[in-house]
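Please take a moment with the sequence and the model below before reading on. The paragraphs that follow start with a helix, then turn to the aromatic rings and the metal site.

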Amino acid sequence: MSVPTLIDSHCHLDMEQFDADRAAVLERAQAQGVRLIVNPGIDLRHCRQAIALADTHPQVYAAVGIHPNSSADFAEQTLTQLRQLADHPKVVAIGEIGLDTYWGKVPLRRQAHAFRAQLHMAADLGLPVIIHNRDATADVADILDEWAASARTRNAPLAKRAFWGVLHAFAGDVALAQRAYGWNFVLGLGGPLTFKNARSLHRTAPQLRLDRLMIETDAPYLAPHPLRGKRNEPAYVALVAERLAELLAVPVEEIAARTTAAACSIFGFDCR
Ligand code: NI
């Protein structure tokens, strides 16, 4: 594989918003230098769709997991099915998983149960985790503290890897970033970084470790400025890279190289 220019580390290409023009979307990504795309699932159906896309497109990889907003029916059987899906050679992570109190779709206790169960499965499978956190930072961080300590103590297969996960759509402060480094995590930055009113994120970004950053779109959601409000797509990850370069006052080529290196390391891509 030649050196990838950019990696979209979080994109929901399997969603119906792309049904009409998925091939064109992938072509535009290619043209923008987006060499690889990681497609997390949100429920079992979407996980299967993500894997189907990974099967048909060499540049697409999948993650499997139950999103907190889809965790109402989470059961032991769900975990068994996820484990089977994770066996696929193009599944590179467990996600997206986490907590979401913003939408309030599922009681927090149920969300936390599904979150913990999937975290432990990931540690046992030796796969990194993709974390969704919406208005639940304190609980997410407590659960990750406990999980990382236990993975370390019992020397779980994941403990052999350099990176254990990513805080996707990172919007926290430097203190949270430091806690994340302690879990061997990287931080995923996307469209919100480019929003004109994202002042606290603009202040925080230059204080983050550049060797711990990945870029993402979360497409079809969160399109970056100046496309905010439109459908997002992987090609627009280039706008995130450009804004990050501006905020950190480093060349965009360096942002591309460093974020690609982090993504290759965490997901196990051969990026030489
Ligand atoms: Ni997502």
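Predicted model: local features only at pLDDT ≥ 70, side-chain atom pairs only at ≥ 80, totals over all residues.

A residue is called buried here if its relative accessible area is under 20%. The buried residues of H9 are Ile255, Ala256, Thr259, Thr260, Ala262, Ala263, Cys264, Ile266 and Phe267. An α-helix has 3.6 residues a turn, so residues three or four places apart point the same way. Helix H9 itself comprises 16 residues and reaches 22 Å from its first C-alpha to its last, close to the 22 Å expected at 1.5 Å a residue. Just after H9 comes glycine 268, whose phi is positive, at about 75 degrees.

The aromatic rings come next, and the structure holds six aromatic pairs. In one of them, the ring centres of tyrosine 61 and phenylalanine 269 are 4.6 Å apart, and because their planes stand at 55 degrees the pair is tilted. Since tyrosine 61 belongs to strand E3 (residues 60–64) while phenylalanine 269 lies in the segment after helix H9 (252–267), the pair ties together parts that are 208 residues apart in sequence. Tyrosine 61 and phenylalanine 269 are buried. The ring of tyrosine 61 also has the charged end of lysine 90 sitting over it, 4.6 Å from the ring centre.

Another pair joins tryptophan 147 and phenylalanine 185, whose ring centres are 6.4 Å apart and whose planes meet at 70 degrees, so that this pair is edge-to-face. It links distant parts of the chain, with tryptophan 147 in helix H5 (residues 137–153) and phenylalanine 185 in strand E7 (residues 185–189), 38 residues apart. Both tryptophan 147 and phenylalanine 185 are buried, and together with Trp164 and Trp183 they form one aromatic cluster. Elsewhere, the charged end of arginine 209 sits over the ring of tyrosine 181, 5.2 Å from its centre.

There remains the metal site, where the nickel ion has as its protein donors His10 (NE2), His12 (NE2), Glu96 (OE) and Asp218 (OD), which lie 2.1 to 2.4 Å from the ion. The arrangement is irregular because the four donor atoms subtend angles of 86 to 174 degrees around the nickel ion. Along the sequence, the donor residues follow the spacing H-x1-H-x83-E-x121-D. Distant parts of the chain are linked by glutamate 96, in strand E4 (residues 91–100), and aspartate 218, in the loop between strand E8 (213–215) and helix H8 (237–248), the two being 122 residues apart. Glutamate 96 and aspartate 218 are buried.

Notes: Residues numbered from 1 in each chain as written. Heavy atoms only, no water. Donors = N, O, S within 2.8 Å, 3.2 Å for Na, K, Ca; no water. Tetrahedral: all angles 85-135°; square planar, octahedral: opposite > 155°, others 65-115°. Helix = DSSP H or I, 4+ residues; strand = E, 2+ residues; numbered from the N terminus. Buried < 20%, exposed > 50% of the residue type's maximum accessible area, 1.4 Å probe, protein only. Phe/Tyr/Trp six-rings, centres within 6.5 Å; stacked < 30°, edge-to-face > 60°. Lys NZ or Arg CZ within 6 Å of the ring centre and 35° of its normal. Expected span 1.5 Å × (residues − 1).
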